[in-house]
Amino acid sequence: EASGRLPCVLHFECGKGEACNLGSWWCSMLASLGVVAIQVDTHGPRREYPGGLEDAICCLQWVHEHLDDLGVSHIVLEGASSGARISLALALWAKRNNKSDLISGVWVTCPWIGGPAYWEKAEASCLREFDGYLISPVTDAVKELSQSDDPSRLYDPLCWPYQASFSDVAGLPPHMICVCELDPLRDEAITYARKLMHARVHCCCRTIIGALHGGDIFAFEGMEAVTDALLRDIASFASSLSCGMLHAIAPTKRKTSTSSTALPGQVQSY
């Protein structure tokens with residue numbers, strides 16, 4: 001139990017299908033850390049853009065309209081993979097529509113944001129080196145480009161946030177971006193983080209060494225401590241924003257190896 005208002009973490013599910021979704025377990029863990037956690041599934045029949053984003057907009061507006069009923073002080077967007085894509089796109093939508101005051105911060109993990117136009121070029125070394133490590137964005141790019149009925153979407157930042165310009169991201173709320181070392185999507189997320197920093201958005205980006213795409217969220221064997229630390233960091237980030245403590249986007253302190261060899265789960269910040 002907690003007294004007073006609590007921060008709300010609006011969690012967007014990370015994929016289609018039971019195997020991809022964190023479900024109520026993730027939100028229950030966040031709630032145990034002192035936040036109001038709301039699970040949002042935008043991967044139903046209307047999952048294709050702009051259906052998923054429209055669902056996310058409706059949910060954000062509903063929560064904001066019911067802050068008093070929910071006992072919520074402010075809203076933080078959070079998601080992984082395609083859920084991270086929705087979170088980042090929703091922040092861009094809010095800024096474009098003069099509704100940035102609805103969102104206090106954004107936390108995303110291994111965001112899926114480049115899109116077929118970016119993946120087709122496969123210029124990032126991680127796309128070539130790690131394609132097929134759990135996911136295959138280069139293969140997906142060929143399929144999506146052949147099936148796309150609206151090429152303009154490939155460059156729409158509300159569909160693929162990687163395409164956002166410096167002016168699109170300027171003025172966004174604080175962001176925390178987590179990437180995994182062995183993820184083919186790693187570099188597009190780091191590039192987006194650097195774009196935020198260049199636009200003077202409060203942002204921190206960190207890499208989980210030795211992890212595949214989503215390796216820090218699914219509590220794989222040997223990575224449970226990393227998942228626990230991630231949950232604590234998300235709750236800490238959300239709670240601190242109510243006090244204007246922007247330094248909270250730095251990782252919480254934890255034990256690390258003194259060896260010079262990077263171990264799975266160690267954190268590197270950019």
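This is a predicted model: local features need pLDDT of at least 70, side-chain atom pairs count only at pLDDT 80 or more; totals for chains, interfaces and linings use all residues.
Residues are numbered from 1 along each chain as its sequence is written. Local features need pLDDT of at least 70, side-chain atom pairs count only at pLDDT 80 or more, totals for chains, interfaces and linings use all residues, and side-chain values use heavy atoms, with hydrogens and water left out.

**Exercise 1.** Classify the ring pair of Trp107 and Phe237.

Step 1. Take the rule: rings of Phe, Tyr and Trp (its six-membered ring) pair if their centres lie within 6.5 Å. Planes under 30 degrees apart count as stacked, over 60 as edge-to-face and the rest as tilted. This rule gives 6 aromatic pairs.

Step 2. Apply the rule. The centres of Trp107 and Phe237 are 5.5 Å apart and the planes make 65 degrees, an edge-to-face pair.

Step 3. Check burial. Both Trp107 and Phe237 are buried (under 20% relative accessible area; exposed is over 50%, partly exposed in between; 1.4 Å probe, protein chains only).

**Exercise 2.** Classify the pair of Trp112 and Trp119, then find the cluster.

Step 1. The ring centres of Trp112 and Trp119 lie 5.3 Å apart with planes at 85 degrees, so the pair is edge-to-face.

Step 2. Trp112 and Trp119 are both buried.

Step 3. Ring pairs join Trp112, Trp119 and Trp160 in a cluster.
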